[in-house]
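Please look at the sequence and the structure together before reading on. This report takes a few helices and strands in turn.

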Amino acid sequence: MRNDLVHEDERLDDLQCKGYQLIQKPQGFCFGVDAVLLSDFVKIKPGQNVLDLCTGSGVIPILLAAKTSGKHFTGLELQEEYADMAGRSVRYNSLEDKIDIICGDVRKGKELFSSASFQVVTVNPPYMTDNHGLKNLYEPKTIARHEVSLSLEDVIALASYVLPESGNFFMIHKPFRLAEIFQVMKEYHIEPKRMRLIHPYVDKEPTMVMIQGTKGGRQRITVEAPLIIYSEPNVYSEEIHRIYGK
């Protein structure tokens, strides 16, 4: 056990995948089901290099390293305390040869990465614009949930820059912003190719959407069967149990 990497105000959470653990700060922004669902939606071919934007605690690179045959994973995180925490999770799981965590700003990504340097980009970005919803007084949570430090366009612009032609972009977001998401993706030559809506219950409207886009791809999108979180109150659906490995 490498408990020297876990601070007093932090905890270890079991990712239920290859025995990997994630360091999290209970007071801060902790990963949710959206990160787990996105890691299951992403498709990575053997030998590909992956960039995860807004990586937070580093949960998506760690899950992808466990689930896929990707060559290397890089997480970019703006907030220094979260980048440090993600880096310690990487070391805790002895994944230093597979994952790098970089503390940096998406808006300055061209200074950090070369053009066409990643075959896959993933992101679980802030969902709300600066004008949407109530902001949390704890600033790291506000930055994680609201576009106060970057915009949807910032994210997609950097994804387009680091992807080669035919490179793939994967994102989870809110359905109410779908029109804007598709518009910005197309503006940056990332063609929406695959979409899956996530519903809390089979008879409720979707609360999240996962999207795959291909840089320079042809115009054709596949809408997959909806993903249902709960089969009944407090009971996860069979597919959620599969995704979580239970």
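What follows describes a predicted model, beginning with a pair of helices and then turning to strands.

## Two helices in contact

Two packed helices are described by the angle between their axes and the distance between the axes. For helix H6, which spans residues 152–162, and helix H7, which spans residues 178–187, the axes come within 9 Å of each other and cross at roughly 35°. The crossing in which H6 passes H7 is right-handed.

On the H6 side, the residues that take part in the contact are Leu152, Glu153 and Ile156, and they meet Glu180, Ile181, Val184, Met185 and Glu187 of H7.

Which residues of H7 are buried? They are Leu178, Ile181, Val184 and Met185, and, seen down the axis of H7, these buried residues fall within an arc of 135°, so they line one face of the helix.

The face of H7 turned away from the buried side carries Ala179 and Gln183, which are exposed. After H7 comes His189, a residue whose phi is positive, near 65°.

## An enclosed strand

Strand E4 covers residues 72–77, and six of its six residues are buried, so the strand is largely enclosed by the rest of the structure. Both of its faces are covered, with His72, Thr74 and Leu76 buried on one side, and Phe73, Gly75 and Glu77 buried on the other.

How do E4 and strand E3 (residues 49–53) pair, in the parallel or the antiparallel sense? The two strands pair in the parallel sense, over five bridges, and within this pairing the bridge partner of Leu53 in E4 is Leu76, which is also one of the buried residues of E4.

## A hairpin

Strand E1 (residues 11–14) and strand E2 (residues 21–24) run antiparallel and are joined by four bridges. Asp13, for instance, has Leu22 as its bridge partner in E2. Together E1 and E2 form a hairpin with six residues between them, and in the turn Gln16 has a positive phi of about 55°.

Note on methods: Residues numbered from 1 in each chain as written. Predicted model: local features only at pLDDT ≥ 70, side-chain atom pairs only at ≥ 80, totals over all residues. Heavy atoms only, no water. Axes fitted to C-alpha atoms, helices over the stretch in contact; angles between N-to-C directions. Left-handed = near helix turned anticlockwise from the far one by under 90°. Contact = heavy atoms within 4.5 Å. Buried < 20%, exposed > 50% of the residue type's maximum accessible area, 1.4 Å probe, protein only. Arc of directions from axis to C-beta. Pairing = 2+ DSSP bridges.
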